[in-house]
Amino acid sequence: MPLTRSLSMTSLSGLPLWDEEDLPVDDLLLFEVAWEVTNKVGGIYTVIQTKAKITVDEWGENLFMMGPYYEHNFNTQVEQCEPPNPAIKKAMGALIDNGCLVYFGRWLIEGSPYVILFDTGSAAWNLDRWKGDLWDTCGIGLPAHDREANDSLLFGSMVAWFFKELGDSPNVLAHFHEWQVGAGLILCRSRKIPLATIFTTHATLLGRYICAGNVDFYNNLDKFNIDQEAGERQIYHRYCLERAAVHCAHVFTTVSQITAVEANHMLHRKPDVVTPNGLNIKKFSAMHEFQNLHSTNKGQIQEFIRGHFYGHLDFNLEKTLFFFIAGRYEFSNKGVDIFLESLSRLNYLLRVWNDVTVVVFFIMPAKTNNFNVETLKGQAVRKQLWDTAHTVKDKFGKRLYEALLKGDIPDMNTILDRDDFTIMKRAIYATQRHTLPPVTTHNMLDDTSDPILANVRRIGLFNARTDRVKVLFHPEFLSSTSPLLPMDYEEFVRGCHLGVFPSYYEPWGYTPGECTVMGIPSVTTNLSGFGCFMEEHVSDPTAYGIYIVDRRFRSADDSCNQLTQFMFGFCQQSRRQRIIQRNRTERLSDLLDWRYLGRFYMHARSLALRRAFPDKFKMEPLAPPQGFRYPRPGSVPPSPSASVHSTPHHSDEEDDEEPYDEDKEAERDRQNIKAPFTLGATFSSPETKKVNSAITFMAMSNL
């Protein structure tokens, strides 16, 4: 069947075209193998799901995704159908005839790719025999108590069996994601099954475990005894599966430059290609409406704030900024520790030099038993006040209307009667509270040892009236059906001003990427894949609303100071400056589109076919795809220090602003795209001596 290749990049304005690596055969099948196909357990699910559309556009009916079968997932996400390819049908039949159940259908996501799902439970009776085969093949033994590893072997053995039954009639290219499916790749290569293989590690298994233990990971990469570290954490067998898969693959890829450095030390193989993670930008596209969406959703968040801080609402919501951090609850890996310390220092700076208030949301799932009663009461009080205000407003409006009809100017002191004043006074008394607004919106099961709450107590951010930084810990994912904050995650992000993700261990980082495509500035680090990618592609990331904290070449305290300076500088911006910056941020969306980043996968596939079938695929080897670099925006002054006011000012001050035409600037940026550059120097924003000395003082006082 001929391949239907898409001219994907021609529709992306401003991004350069590249040479298509056309494959010279028609009978080529691509299989993407991942534990997260139809099975949402981690970030790889987002990668597989969002990339499906561009891969289907490229491969058409020749793409098949392979994953584990779970009844609920299959019933809710897959439309069952018959395999259109005779070879696929024959291979499935061979497994089914031997008692191993295999299911086929279309995954109901954009692109509707074919999926082949293997029921590992139906093949569990083969586990001991297949463990013996794995040991005889490569000397890797799996303990009986590790159910995840055992399931991965069952799945991998079924995948290898499938490829063996497929035969060599079609040319097969198999792309394996992460260690859970590594056994399938190992068995395919050991049995000399004719197929080209790619293995992608999205984060090394051992790297995750080591970083979770608060170890200085990146400065000691060359000093770790890898086997000892894996053994002490009782994951040596998993590590062996991952490392064997890496070395068996024809092509090895990772998702970022920082993960490539990690993989070189942890797995002892340098990646052949870096395949950055992208997004389906069409899903988030709002054209010129993203500014209006920000305003609308910000209003919803403000309503929640009015209820949560009732009785303590002595700050101006029009001069209040919303920051947030979201993701898995990994206190150190996600940089929550450095974020909280920076908020303490930011609170001091805002109390001394600015009248802006910052409300910070921590959206991280933790163990809770219910909503906080005080938080629910706050929303009830807000609703009661709203109803009271509307009741009085309707009565006032009716009397005013009747007076005007008679040609009278009513006496404002008598237009409301005693009952109206009584109702309003009762509503005001209902807002009185003798406690501080709660830090957490839920009742935590382990309040005393929770890392976020313990550090909030240490730095003393209790939402007092004098605090200019308010903290809100929402320990579950957002939902539009919540009685507390009825917003989906995307709506919430659009309503915030800044996403802060100062991660220490983040192989890629979808959260700042999602902020970017929605036009919301964000903070990331040069230890995250996203941060490295932006440093490589954007000459002045800060001007585009991408603040990159240096956590690789600075001490923790210096990184904390830099994060504080970024946030304080953001608080100094006027409303118009923030609007301009959001325009620039949203303009980087094309960089993160799979229509652009999909070419790195195309290159990896072409390379794998040339290595696996050198006689059939004799294409000239092309150089790896090269990126490009956005120049500094034309409206930014030559000196970065001139891009913000040297003294604090009100957030709505708009005097003496630089002239700005967004369309002209966007066109100027597209016409001045520069050649890619080598990663090396990290961005460091200049700050005033006053602010720097204040931050140093705060750092010393917290020691």
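Me: How near do the axes of helix α14 (residues 373-405) and helix α15 (residues 418-430) come, and at what angle do they cross?

Reply: Two packed helices are described by the angle between their axes and the distance between the axes. This is a predicted model, in which local features need pLDDT of at least 70, side-chain atom pairs count only at pLDDT 80 or more, and totals for chains, interfaces and linings use all residues. Residues are numbered from 1 along each chain as its sequence is written, and side-chain values use heavy atoms, leaving out hydrogens and water. Here the axes of α14 and α15 come within 10 Å and cross at roughly 160°. Axes are lines fitted to C-alpha atoms, for helices over the stretch in contact, with angles from 0 to 180 degrees between N-to-C directions. Helices are DSSP runs (H or I, at least four residues), numbered from the N terminus.

Me: Which word describes how α14 lies relative to α15?

Reply: Roughly antiparallel, a label for angles over 145 degrees.

Me: Which residues of α14 and α15 meet?

Reply: Contact means heavy atoms within 4.5 Å. From α14, Val 381, Gln 384, Leu 385, Thr 388, Val 392, Lys 395 and Arg 399 meet Asp 420, Ile 423, Met 424, Ala 427 and Ala 430 of α15.

Me: What about α3 and α5?

Reply: The axes of helix α3 (residues 86-97) and helix α5 (residues 147-166) come within 8 Å and cross at roughly 130°, which makes α3 oblique to α5. Oblique covers the angles left over once under 35 (roughly parallel), over 145 (roughly antiparallel) and 65 to 115 (roughly perpendicular) are taken out.

How values were computed: Helices (H or I, at least four residues) and strands (E, at least two) are DSSP runs, numbered from the N terminus.
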